[in-house]
There are 2 protein chains.
Amino acid sequence: MATRRANIRDVAKASGVSLTTVSLVLNKQDHRISEGTRQRVLAAMESLQYTPSRLARGLPNRRANTLAVLVPALQHAFADVYFGQIISGIYEVAADRGYRILLEVARPSYVKRKEYLTLLDDCSVDGILFLGATDEHTWLADFHASNRPLVVVNNTFEQWELNSVVCDYAEAGRIAANHLYELGHRRIGHIAGPADVVATSRELSETFLQRLRERGVWVDDRLVVDGQFQVETGRLAADELLARDPELTAIFAANDKMALGAYQAVRAIGKRPGEDVSIVGCDDIPPAALADPALTTIRMNFLRVGETACAKLLDHIESRNGKEGALAERVGVELVERDSCVPLASAASR
Amino acid sequence: MATRRANIRDVAKASGVSLTTVSLVLNKQDHRISEGTRQRVLAAMESLQYTPSRLARGLPNRRANTLAVLVPALQHAFADVYFGQIISGIYEVAADRGYRILLEVARPSYVKRKEYLTLLDDCSVDGILFLGATDEHTWLADFHASNRPLVVVNNTFEQWELNSVVCDYAEAGRIAANHLYELGHRRIGHIAGPADVVATSRELSETFLQRLRERGVWVDDRLVVDGQFQVETGRLAADELLARDPELTAIFAANDKMALGAYQAVRAIGKRPGEDVSIVGCDDIPPAALADPALTTIRMNFLRVGETACAKLLDHIESRNGKEGALAERVGVELVERDSCVPLASAASR
DNA sequence: TCCCTTTGGTAAAACATTTTACCGGTGCGA
DNA sequence: TCGCACCGGTAAAATGTTTTACCAAAGGGA
């Protein structure tokens, strides 16, 4: 019990070689070790139940083999499916490549003390993945054009040169527009994301509206309302839209939560979502399929986004050759047709 | 750029004291340092932009100031709101007490190599919080009656002596039974959790059925069906229940996901959940409030469970005096009445 | 036979801290 | 005046690796 854990020196002694040799065996590299000694060392490790100390290992070469997942200080961020899916993707890749994942929340005090830099200086972590970034996170400027290993997940920035991986929001906007147009809808409302602070929200809304315009549908500015990505704000936005144009036949919401909020608003004025008012969401979170009617939406492969972002970060870390390749990478999206959209004719015929 | 990061020795030199003194100042403890030197050292740290290396710090006293959150290798575990809420709770407490959180997934190879022990031996982590435990995780025996710092979150075990924190499932079962009974329901079905492998599921179901019996309602064994906590299994279980007794007026599901699955089953036979068949869930996950009708459920404060579990683990770690106090702690639950339950009379009157 | 290269391996420095034991000086009681 | 406690601080050992530079022996070509 009180017996000290075996260290590399014990293994060396037990197998009659130097501690350097043990280290070389441990790190597999360097075939400078004969098979005989290798086996002897391995046997000694086994019998002593030796496990190298991660702490001590990191010291000399200043590597922790750990990545940080940093999220903004939203209400219980980890309980959000959106973040959860991304984190799952990140974990898969990190684990496969021998890295661990540290969770960090960017609370105000955390940002003020620039702990995100300490984290790196500290050797606690070899790189950072930042989720939920907005234009308001001005401290991201600390990473602008620096060679610090950071990847922003699912947002882009014009003002700072940062590595990032995003879903193809431009394509999503076009898909939504095409779908509603082809179903015959012409009076369409849009619940945008927080477009003032999120570049991908702007992109989604702009391409959506532009594609509609290209096809001859002009959406009144008053039929575009911002929400904050939550159910409640989606409901309020939809209330607003329906008040401004009671004849609306379709709504495109920038995420599923707001789309589900729109369901409530539609019901509140005695209409039926998916019959009187077609609704398209975005993201395809689990509750979307569960809703009644099941929500037609644009699937964002967040798992994939997490995987790609993590791979990108590790590539940067492991080959210290700075930023080769594009700063921003895109992950494809696809339409998932369910029951919340109907052709306009069918709605009219009722 | 290539300039080496300042270390404790540099600070010592700059402030004209020994490196021990700097260390003492750093660790705040020991008021053996005069205010004058303290200020001098602090100033030197400031001007050198010194940040102590977490890695090196951990080495001598074998503490990482980090906790591991270990989850089973379910499909994308982190995307599950249930785990997410618990993790949020854990994070809050850990951060407040100066600890970091490492994410780990118990994949098969992970378990085979007993990495969960390595993690501790390794000094990567000072303690482990295990989420989603079942009786099938037999490797938990490695922690049985050992003094290793582990807390199991939201499950209990009779076969092993382990620290744990759980929701009060016994109370939840009684609340559900009381509620349905008082609404006048007498023909009641129950979708249980995986009772064969999860002790808290057994507890929930047993107290539910027992309370009904106490009040004179005898539930046929055939009206208790197991599900696997997922929407789909809930739907299948409800199909089964409704086939076995088409006159059923109420269903209690062991979690909200299965309750929402039951909605689908009820609709599939042309009935209306919350009108023809009252449904009670358990957990109160976000989609419960969003469902139509909004789901009546028993709120489990998972955030609180996470907080409590983490506090318990840290108490154990910081005061090495082994296991004082109860092995299992309980967190309260409460009924959340929404629209998925109606008095039997009202259903009958239709 | 001499020199050079390769093979298999080692000694020692470096990494950045904590902690233990100790030390010189000062003030105070006996 | 002696001895002791306390104050402010230090030297050195300990923590467990990686990595660089070096070395001895063996083999091969000239």
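**Exercise 1.** Find how many residues helix α9 of chain B has and what span it reaches.

*Solution.* Start with the run: α9(B) covers residues 199-214 and has 16 residues. Helices here are DSSP runs of H or I with at least four residues, and strands are runs of E with at least two, numbered from the N terminus. Next take the span: from first C-alpha to last, α9(B) reaches 22 Å, close to the 22 Å expected at 1.5 Å a residue. The expected span is 1.5 Å times one less than the number of residues. Finally, look just past the helix, where B:Gly216 takes a positive phi of about 95°.

The model is predicted: local features need pLDDT of at least 70, side-chain atom pairs count only at pLDDT 80 or more, and totals for chains, interfaces and linings use all residues. Residues are numbered from 1 along each chain as its sequence is written, with chains lettered from A and ligands numbered from 1 in the order in which they are written.

**Exercise 2.** Identify which residues of α9(B) are buried and what covers them.

*Solution.* A residue is buried if 20 or more other C-beta atoms, placed from the backbone, lie within 10 Å of its own. The buried residues include B:Leu204, B:Phe208, B:Leu209 and B:Leu212, as well as B:Glu203. Their cover includes helix α8 and the strands β5, β6, β7 and β8 of chain B.

**Exercise 3.** Describe how α8 and α9 of chain A pack.

*Solution.* Two packed helices are described by the angle between their axes and the distance between the axes. For α8(A) and α9(A) the angle is about 35° and the axes are 7 Å apart. Among the residues making the contact are A:Ala170 and A:Tyr181 of α8(A), with A:Leu204 and A:Phe208 of α9(A). By class, the contact has 9 nonpolar, 5 polar and 4 charged residues.

**Exercise 4.** Work out how chains A and B are related and how many residues are in contact.

Then count: 37 residues of chain A are in contact with 37 of chain B, contact meaning C-beta atoms, placed from the backbone, within 7 Å. On the chain A side, α5(A) gives the largest share, 7 residues. That side divides into 21 nonpolar, 9 polar and 7 charged residues. Lastly, 100% of the interface residues of chain A are also interface residues in chain B, so the copies meet through the same surface.

How values were computed:
Copies are superposed by least squares on the C-alpha atoms of residues with pLDDT of at least 70 in both. Two residues are in contact if their C-beta atoms, placed from the backbone, lie within 7 Å. A residue is buried if 20 or more other C-beta atoms lie within 10 Å of its own, exposed if 12 or fewer, and partly exposed in between; C-beta atoms are placed from the backbone. Axes are lines fitted to C-alpha atoms, for helices over the stretch in contact, and angles run from 0 to 180 degrees between N-to-C directions. Ala, Val, Leu, Ile, Met, Phe, Trp, Tyr, Cys and Pro count as nonpolar, Asp, Glu, Lys and Arg as charged, and the others, Gly among them, as polar.
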